[in-house]
Amino acid sequence: MPNADELLVDMAAIVESEQSNQMSLTVVTGGAVITGRLAPEAVWRQRVSEILRDSDRLGPFAGVFTAGETQDRPDGGGPPTHLHFHVARILQGSMGIPETGGMYRVAIKDVSGWTVGDFSYSDS
């Protein structure tokens, strides 16, 4: 199993501690390129829960994202193990999916490459 990139862990820890959602990042994981902004895990969980709660079919899953929050993680509140993206897109060819951005959780240990900043597209 590969070791997590310490620099990436440090950046994720800053996002967690500052409660900031302004760090733009692009990562390669499992052959996919994901680009977007990082969010603190608690903020990410809350937003996913809200989206699910508003769905007639997916509403019952909303509580999974807020139950226990981050303080009950098995790692005992250690360094972050995942990146939590919001307004993120999977890059495919000359477009990002979904266009409006989505919510993605990526294990830091699975990131094979990354760069600061995100990629955006224009119609011009």
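Why does phenylalanine 61 count as partly exposed? The points below answer this and then turn to other residues.

1. Phenylalanine 61 counts as partly exposed because its relative accessibility is 49%; buried means under 20% relative accessible area, exposed over 50%, and partly exposed in between, with a 1.4 Å probe and protein chains only. The residue lies in the loop between α2 (41-53) and α3 (62-66). Helices (H or I, at least four residues) and strands (E, at least two) are DSSP runs, numbered from the N terminus.

2. This is a predicted model, in which local features need pLDDT of at least 70, side-chain atom pairs count only at pLDDT 80 or more, and totals for chains, interfaces and linings use all residues. Residues are numbered from 1 along each chain as its sequence is written, and side-chain values use heavy atoms, with hydrogens and water left out.

3. Isoleucine 97 and proline 98 are joined by a cis peptide bond, with omega at about -15 degrees. Proline 98 belongs to strand β4 (residues 95-107).

4. Valine 87 is part of strand β3 (residues 82-92). Its phi is near 40 degrees, a positive value in a residue other than glycine. Valine 87 is partly exposed because its relative accessible area is 37%.

5. Asparagine 3 sits in the segment before α1 (6-18). Because its relative accessibility is 73%, asparagine 3 counts as exposed. Asparagine 3 and valine 111 are 108 residues apart in sequence, and their C-alpha atoms are 9.9 Å apart in space.
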